[in-house]
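Hi,

Here is the structure you asked for. Please have a look at it first, then read my notes below.

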Amino acid sequence: MQKSCASCKALQNIIKKNEENKKTTLNSLKEQIDNYNAVIELTKKNLKNAENGMAFMEKNMKNYRSYLDRGLINKEQLINQTSLFFDRQNDLVSYKNQLSQYSLQVINLNSELKSREIDFDNKVNELIIQKNDLQRQNS
């Protein structure tokens with residue numbers, strides 16, 4: 001009976017450690033999710049500003065065409081402005097793709113959080129069953 005009590009205590013310590021690990025792991029995942037969500041919000045604000053800037057650049061590019069027609073600038077200046085516009089447009093697309101990646105990461109982290117929580121709970125339940133079996137065998 002002394003041996004089984006020691007085994008029960010050992011199992012109880014393992015259960016306690018598992019609960020502590022669960023809490024630490026889930027808090028870490030939640031923190032990562034919160035950090036990504038904060039980055040997503042900042043990225044959305046920056047993206048909106050960039051889109052507004054692109055609208056302004058597009059308007060300027062159209063003005064440059066009329067300036068060329070009136071002889072106020074040369075063709076090279078129009079080409080440079082057009083090239084700059086398309087470079088910035090590509091940057092904007094990359095920024096949108098990055099936002100999508102952040103969103104996917106949040107989805108993956110939420111999935112991992114749920115999976116890890118279930119794994120920890122299953123392990124604890126398994127240990128409790130083992131502990132109860134030991135106690136029954138020694139009663």
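Leaving aside neighbours within four places in sequence, Gln81 is in contact with Met57, Asn60, Met61 and Tyr64. Contact means heavy atoms within 4.5 Å. Gln81 belongs to helix α2, residues 75-137. Helices here are DSSP runs (H or I, at least four residues), numbered from the N terminus. Gln81 has a relative accessible area of 14%, so it is buried. The cut-offs: buried is under 20% relative accessible area, exposed is over 50%, and partly exposed is in between (1.4 Å probe, protein chains only).

A word on the source. This is a predicted model, where local features need pLDDT of at least 70 and side-chain atom pairs count only at pLDDT 80 or more, while totals for chains, interfaces and linings use all residues. Residues are numbered from 1 along each chain as its sequence is written, and side-chain values use heavy atoms, without hydrogens and water.

Now the rings. The structure holds three aromatic pairs. One of them is Tyr36 with Tyr102, a tilted pair at 6.0 Å centre to centre and 55° between the planes. Rings of Phe, Tyr and Trp (its six-membered ring) pair if their centres lie within 6.5 Å; planes under 30 degrees apart are stacked, over 60 edge-to-face, the rest tilted. This pair links distant parts of the chain: Tyr36 is in helix α1 (residues 2-69), Tyr102 is in helix α2, and 66 residues separate them. Tyr36 is partly exposed at 27% relative accessibility.

Tyr64 and Tyr67 also pair: the centres are 5.8 Å apart and the planes at 45°, so the pair is tilted. Both lie in helix α1, three residues apart, about one turn of the helix. Tyr64 is partly exposed at 25%, and Tyr67 is partly exposed at 29%.

Best wishes

Terms used:
Helix = DSSP H or I, 4+ residues; strand = E, 2+ residues; numbered from the N terminus.
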